[in-house]
Amino acid sequence: MADKDRTLLTQLQTLFNAVPVELPRDKIDTLSVPADRLIEAIIFLKHKAEPHFEMLFDLSAIDEAKRGGGLTVFYHLLSLSGNTDLRLKVSLPEEAPVLPSVCTAWPAANWYERELYDMFGIHIDGHPNLKRILMPEYWEGHPLRKTHPNRATEMPPYQLPEARYRAIMESYRAEDYREPGMSDEEMLLNIGPTHPGTHGLLRLVVRLLGEEIRDVNPDIGFHHRGAEKMAERQTYHSYIPYTDRIDYLAGIQNELPYVLAVEQLAGITVPPRAEVIRVMLCELFRVASHLVWIASYAHDTGALAPPFYAFREREYLFDVMELITGGRMHPNFFRIGGVALDLPEGWYEALQGFLKRMPAAIDDYQALLADNPVFRARTRGIGVLSAAEAIDWGVSGPNLRACGPAWDLRKKRPYSGYQHYEFEIPTATEGDALARTEVRLEEIRQSLRIVEQAMQNMPPGPVLSAEARYAFPRKEATLQDIETLIHHFIAVGRGMSFPAGESLFVTEAPKGMNGYFVVSDGSEHPYRLRIRTPSFPHIQALKLLAHGHLVGDLIPILGSIDYVLADVDR
Amino acid sequence: MSLTQWLLTLASIGLVLLGLLLIGAIMSYGERRILALLQDRLGPNRAGPFGLLQPVADILKLVSKEAFVPPFADRMVYTVAPIIVPMTALLSFAVVPVSEDGWLADLNIALLYVLALSSLRVYGIMLGGWASNSKYSLLGGLRSAAQMISYELPMGLALVGVVMLSGSFSLREIVAAQELPFIVLQPLGFIIFLVSGIAETNRLPFDLPEAENELAAGYNTEYGGIKFAFFYLGEYLGVLLIAALVTVLFLGGWHGPWLPGVVWFALKTLALILLFFWLRTSLPRLRYDQLMDLGWKLMLPAALFNLLITAVLGLFWMKG
């Protein structure tokens, strides 16, 4: 890292009593800050430090019960101007932990702090609305604490007496609209959890004046599956299929940051052929994800035909995907150290067939959506986001690029060999729903360019690292000699232990920056796995996007930010 | 009138009603198959040959559902509202001349009668939305009311041009006056009437009262079973009516070479119905305020302009 950062670190140490934490394995500067100096340090870093750290990328905690007690809260700050990261850590006691709120610095912190409270029971001082976010209001305990049971079988049998049932049902009641302070003409409309416009289980409590939106309060958590908790009882390899299902429309795109984070932790290098295969499949999944977005977004605006066209193209893509990986939406194809299998015979022709039909299909979408006067009238000028607001709210991916900044990690921090490909980063300046549409349509074209280059330049060689400690032995070899068979048996059954350390890897997923933060204590299971998904802050920003628009705009705005509820709730 | 005459009249009314209901049912099947074709899928093809019995299955299903009234709804209005919608459409057909000598009633104010009934139709939708006492339905009902008011004016004004040219309110005489179809003489009036017609029938891109993506199903969110079927039927009859009216008023009705008048009428109407289906699959929905803007700021002035032009030109040409 540059000297500039060193001066920043010394500044932080002298000004805020920060203490550098032993370097984790991801080379991100990490400092421990006392809780009472946190706010000052945050404000300093956001506004005065050189470079500015404009974005709160992630905020979560680690229960240190098995590593010396207490809780560690980490703030992951991102500097877009300096293209660098900083991690602040705050140690808290296990009993009655209290933390000051940073909502004043970043509105995005609101939900992250609620998640802290929900998952770890950390009380946030000065938080405007400290309620559970992912778990239901009546949940007992804080799931990501190590004391919380990991499986339902570890819990006592579930009881639901009548009175408790009534209390639970009552907790879903939207506050009465005749509450004092609200004028009589306002109406509270409850959209969802099941509603045709929400693409999944999402509840929006909308305050309306006529058809004008005064306020939107998204209620999430209906799709929460405890993916982070589950990781703590999976081996490093057996967790890969779970990642597929985080953003289930972008399957393999979730595997990538996870395996990259683990590879970074263990210092594994991936053979070049595996890297190219990874990039190729990832870009194909970006296309698949964007196709579903086209379909659902078109449907949101009331267009009936484009969804079918987009799903048809996606079906052709999945045929190719099935040929290569054996899976469709959730291929479970990447391995730590490479990929599961080499490319099958006939992959080139199959993929070529798909690539041939795509340009015409994209032109169709362009004609049906972005060039359609009714669609343009519907989406122009709604859900406008300025670049500064977007960064403040933690918005990333195409949503951020539609407001101006050409922030794409594939260009800014090339991983898996993205620096070898020629492609452009489409941006727009309007920041409205139409701009997001145009950016995504162009992104499909660019992704196809990358796929084509990957196809042409597929290097020969192995597809899995030979690093025997961390990568599975070859299946063919297990059928030949007993040593490898035993290793394979143990590696699969018991798992492989990875070196202790902390490793974050962020990739550019179709929906934005997707980060997996792996904390290892040297055992076969992740000690803590933090998944920072792009959709979580995006849905939070809906409040800002929808304000003042008509209720008829709400669903197109929601559609234009391209989220997946599983990606929000994990 | 003698008893035989009464019986004959009743029988013919019954036949026409049955025929119209049948056409409505076939349209629902036709629309689903044609939409499917345009969207690269098959559509209903299980019930009977080519799925032709699908409407029968649909009706049987809807009829056999429990006649449920939500406890919070206004029972009376909730029950009456769905009946109004198909009823107004059915009544309008009484004055539609399908051929030179094929009509039920030749009212001398037929056009006004049709417009009046189409205004009544909105009550069905609005009251349905209101009586359901649900927020989605209420918003749908309100939208519907605003939409109808905005589109009734340009619709009526567009027709004045036709009336001027033919000198009559009787639909039969209007058709008779069309040696040259009025679409040639009144191109602007044709477009305004067609667009208003689509808006009147609540079809895409003007299906805001329904708008399933934002309002779930709008005014009919709380409806099920046979009451829902009435709304559904009303929509298809509305499409049929608007298509028939456009044929009568602008496309020359039964006029056409070689084929008998009824066939020409049917062909023209069918083509317009297909246009309705095609629009539905191709276009996104407009936003509420855009819909209002279109109605008041574009269609209304255009209709007035059309009226002015027609009047001025008519003054010179039709002197003799």
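The legends below describe close-up views of a predicted model. Residues are numbered from 1 along each chain as its sequence is written, and chains are lettered from A, with ligands numbered from 1, in the order in which they are written. In this predicted model, local features need pLDDT of at least 70 and side-chain atom pairs count only at pLDDT 80 or more, while totals for chains, interfaces and linings use all residues.

**View 1. Packing of helices H8 and H15 of chain A.** Helix H8 (residues 272-300) and helix H15 (residues 433-456) of chain A have axes that come within 9 Å and cross at roughly 155°. Helices (H or I, at least four residues) and strands (E, at least two) are DSSP runs, numbered from the N terminus. Axes are lines fitted to C-alpha atoms, for helices over the stretch in contact, and angles run from 0 to 180 degrees between N-to-C directions. H8(A) and H15(A) are therefore roughly antiparallel to each other, a label for angles over 145 degrees. Their crossing is left-handed, that is, the near helix is turned anticlockwise from the far one by less than a right angle. Residues of H8(A) including A:Val276, A:Met280, A:Val287 and A:Trp293 meet a set in H15(A) that includes A:Arg440, A:Ile444, A:Val451 and A:Met455; contact requires C-beta atoms, placed from the backbone, within 7 Å. By class, this contact of H8(A) with H15(A) has 12 nonpolar, two polar and four charged residues. Ala, Val, Leu, Ile, Met, Phe, Trp, Tyr, Cys and Pro count as nonpolar, Asp, Glu, Lys and Arg as charged, and the others, Gly among them, as polar.

**View 2. The open sheet S13-S14-S15 of chain A.** Three strands in this order form the sheet, with antiparallel pairing; strands pair if DSSP finds at least two bridges between them. Strands S13 (501-509) and S15 (526-532) of chain A are at the edges with a single partner strand each, so one side of each has no neighbour in the sheet. On average, neighbouring strands are turned by 15° against each other, direction ignored. Strand S14 (residues 512-520) of chain A is joined to S15(A) by six bridges, and A:Gly515 has A:Arg532 in S15(A) as its bridge partner. Helix H7 (residues 252-266) of chain A lies across S13 and S14 of chain A, at about 150° to S13(A).

**View 3. Strands S2, S4 and S5 of chain A.** Strand S2 (residues 30-32) of chain A pairs with strand S5 (residues 84-92) of chain A in the parallel sense over three bridges, and A:Thr30 stands opposite A:Arg87. Strand S4 (residues 71-79) of chain A pairs with S5(A) in the antiparallel sense over nine bridges. One of the bridge partners in S5(A) is A:Leu88, which faces A:Tyr75. Four residues lie between the strands of the hairpin of S4(A) and S5(A), where A:Asn83 takes a positive phi near 50°.

**View 4. The side of chain A that touches chain B.** Here 27 residues of chain A are in contact with 25 residues of chain B. Strand S8 (186-191), H8, helix H9 (306-325), helix H11 (373-379) and helix H20 (551-560) of chain A each supply at least two residues of this side. H20(A) gives the most, with five residues. The residues of this side of chain A divide into 15 nonpolar, seven polar and five charged.

Methods: Parallel < 35°, antiparallel > 145°, perpendicular 65-115°, else oblique. Contact = placed C-beta atoms within 7 Å.
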